[in-house]
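Thank you all for coming.

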Amino acid sequence: MDLGLITDSASDISPRVLQEEAVGLVPIYVHLGGRRYKDWQELTPDALYQAMRAGAEPVTEPPSVEDFAEVYERHLQVYDRLLSLHVSGELSKTVERAREAALKVAPTRIRVVDSGMVSAGLGAMVLRAVEMLKEGAEEEAVVREMERMKRSSLYFSVADLSHLARNGRLPRFGEVVGNLLGLRPILRIEKGHIRFLKVARENAVPEALASLVLGEFRGRVARITIAHTDAKSEWLDSLKRSLEGALRLERGRITRSGATIAANVGLGALAVHAYALE
C-alpha cells in the first residue's frame, strides 16, 4: 500500500527538495506590504529578509481547510494513504486545519500528525519519514519514529524578541531577561512549546547552542540540522565546526528558514536540531 507524505512550509525544506522527494507541500501564508504570499512558493527567504531589513513586519496566517483539501485530493489520486506532518499545534493552527480537511476529504485514508516541532525539527522528521519509506517501512513504523522524534532536541536563539512577543509565543521570563543589553536568550522547543533555558553573551551564542547539543549527544551517532534567518556566516561556521569536532556526525544539513519562521523569530535567529538513530 503506497503512503504519500504531506507537510507545510514551516518545515523549512525548499520546494525543490520536496518535489525531488515527492512530498506534498501546503504553504503557510505571509502578509507583507499589503499582499498575501505563499511561503517558499511566492516569497523566497532572500526577498523576505530584504523586506525585513527595510523595516517590514510580516504576519503569518495558517493555510485554509480548502488549501489542505485540494492537496489531499490531488495526492490521493496517486497514493492509497497519506501521512500529513505539521508544525506544532501549540505554535500554529496549521495542524488543526489539516485535521479538519482530512475529516472532510477522506478520514480513513489520511493520518495527520502534530510534530510538536518547527523549522529544522519538523524538516528532519519529514526527511526521516522519506528515508524510511524508501527503505520499505510500513506506515505504523514511520508513525512510531515520528512519535520518538517529537522528543528530539531543537535549541535556538533570537536577536530580536519583539517578534515572538508580538505573536504571544515568548515565555514571560525570557522576554524580561532576554532584553538585557548584550545578551540573547537561549530557547528550546519542548512538548511543542517554547521554553526559556538561559541567556548567553551575543558573541557566545554558537558556543552555547553547541554545548547544549554536545551535552546530550557527545560520543553518540547523531544527525544535525542548522537553520537560520540570515545569521552571521561566522556563527554558522563556528557552530558547524564545534559539532563536527565533537560528535559522531552521521548526517548534517544547513538551511535558511523561510518567511513563516522569519516572521515569527526575526532576522539573525540561529537554531540547531539534533537526534540520534535508535
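Predicted model: local features only at pLDDT ≥ 70, side-chain atom pairs only at ≥ 80, totals over all residues.

Residues are numbered from 1 along each chain as its sequence is written, and side-chain values use heavy atoms, with hydrogens and water left out.

With those classes in hand, the lining of the largest pocket divides into 18 nonpolar, nine polar and three charged residues. A pocket here is an open set of points on a 1 Å grid over the protein atoms alone, where a 1.4 Å probe fits, with protein on both sides within 12 Å along at least five of seven lines, and lining residues have an atom within 4 Å of a point. The volume of the largest pocket, which is the space filled by probe spheres set on grid points joined across faces, edges and corners, is about 440 Å³. Of its 30 lining residues, Val118, Thr260, Ile261, Asn264 and Val265 lie nearest the centre. Helix H11 (259–265) is one of the elements that supply at least two residues, and H11 gives the largest share, four residues; helices (H or I, at least four residues) and strands (E, at least two) are DSSP runs, numbered from the N terminus.

The second largest pocket holds about 350 Å³, and Gly24, Leu25, Gln41, Arg74 and His75 lie nearest its centre among 19 lining residues. Helix H3 (65–75) is among the elements giving two or more residues, and H3 gives the most, with five.

Now to the sheet, which is open and has six strands in the order S10-S9-S8-S13-S11-S12, with mixed pairing; two strands pair if DSSP finds at least two bridges between them. Its edge strands, S10 (193–201) and S12 (248–256), each pair on one side only. Strands S8 and S9 are antiparallel over three bridges, with tyrosine 155 partnered by arginine 188 in S9. Arginine 188 also stands opposite arginine 195 in S10, and eight bridges join S9 to S10, again in the antiparallel sense. In the hairpin of S9 and S10, with two residues between the strands, lysine 191 takes a positive phi near 55°.

Note on methods. Nonpolar A, V, L, I, M, F, W, Y, C, P; charged D, E, K, R; others polar.
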